[in-house]
Amino acid sequence: MALPQQASMAFALPGGETSKPSRKRPIDLVHLTRETFGNRALETEILSLFSRQISEIVNRLSQANADERVRLAKSLKGSARAVGAFRVADLAESIEQSPGNTKLLSELHPEIDGVRDYIAAITR
């Protein structure tokens with residue numbers, strides 16, 4: 001499995017000095033490492049909190065009215081950008097701008113699942 005090895009390589013580069021950011025992964029670990037100044041314990045804690053937060057938000061999004069959906073999407077967007085989950089952030093921004101578009105919600109679910117699986121794989 002290449003996924004955990006890629007993650008450990010990114011975690012092993014404090015500050016990400018030799019790695020380029022990647023939007024191909026569910027979480028851009030270079031971005032996260034820069035944000036946490038290479039503190040692995042902090043990275044792990046932040047990812048764990050983010051994983052719990054996104055599960056709660058995505059469950060609430062589908063039940064929410066338009067105003068609440070905008071608020072939840074905005075919160076998700078900010079958190080996702082902070083940790084480097086840029087595809088989730090982009091979808092959340094789209095939901096924030098168009099809260100009645102249920103197609104966006106259906107696109108968000110597999111993206112969230114991918115991020116949670118990725119976080120689980122790299123924080124074992």
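Helices H3 and H4 are roughly antiparallel to each other, a class that applies because angles over 145 degrees count as such, whereas under 35 is roughly parallel, 65 to 115 roughly perpendicular and the rest oblique. This is a predicted model, in which local features need pLDDT of at least 70 and side-chain atom pairs count only at pLDDT 80 or more, while totals for chains, interfaces and linings use all residues. Residues are numbered from 1 along each chain as its sequence is written, and side-chain values use heavy atoms, with hydrogens and water left out.

**Overall architecture**

- The protein chain contains six helices and zero strands, where helices (H or I, at least four residues) and strands (E, at least two) are DSSP runs numbered from the N terminus.
- Along the sequence, the pattern reads α-α-α-α-α-α.
- The protein chain has 124 residues, of which 43% count as buried; buried means under 20% relative accessible area, exposed over 50%, and partly exposed in between (1.4 Å probe, protein chains only).
- Of the contacts between residues at least 6 apart in sequence, 53% join residues at least 24 apart, a contact being heavy atoms within 4.5 Å.

**Packing of H3 and H4**

- The axes of H3 and H4 come within 10 Å and cross at roughly 160°; axes are lines fitted to C-alpha atoms, for helices over the stretch in contact, and angles run from 0 to 180 degrees between N-to-C directions.
- The crossing of H3 and H4 is left-handed, that is, the near helix is turned anticlockwise from the far one by less than a right angle, with clockwise giving a right-handed crossing.
- Residues of H3 in this contact include Ile 46, Phe 50 and Ile 54, and those of H4 include Leu 72, Leu 76 and Val 83.
- By class, the contact of H3 with H4 comprises 10 nonpolar, three polar and four charged residues; Ala, Val, Leu, Ile, Met, Phe, Trp, Tyr, Cys and Pro count as nonpolar, Asp, Glu, Lys and Arg as charged, and the others, Gly among them, as polar.

**Packing of H5 and H6**

- The axes of H5 (residues 86–97) and H6 (residues 102–122) come within 10 Å and cross at roughly 160°, which makes H5 roughly antiparallel to H6.
- This crossing of H5 and H6 is left-handed.
- From H5, Arg 87, Val 88, Leu 91, Ser 94 and Ile 95 meet Leu 104, Leu 105, Glu 107, Leu 108, Glu 111, Ile 112 and Val 115 of H6.
- The residues of the contact of H5 with H6 divide into eight nonpolar, one polar and three charged.

**Nonpolar core**

- The largest nonpolar core has 29 residues, and those with the most contacts inside it are Ile 27, Phe 50, Leu 76, Ala 85, Val 88, Leu 108 and Val 115; such a core is a set of buried Ala, Val, Leu, Ile, Met, Phe, Trp, Tyr and Cys residues joined through side-chain atoms within 4.5 Å.
- At least two residues of this core come from each of H2 (29–35), H3 (40–61), H4 (66–83), H5 and H6, and H6 gives the most, with eight residues.
- Apart from its neighbours within four places in sequence, Val 88 is in contact with Leu 76, Ala 80, Leu 108, Glu 111, Ile 112 and Val 115.

**Individual residues**

- Phe 37 lies in the loop between H2 and H3 and counts as exposed, at 75% relative accessibility.
- Most residues other than glycine have a negative phi.
- Phe 37, although not a glycine, has a positive phi of about 55°.
- Ala 120 is placed in H6 and is partly exposed, with a relative accessible area of 37%.
- The C-alpha atoms of Ala 120 and Ser 51 are separated by 8.7 Å, with the two residues 69 apart along the chain.
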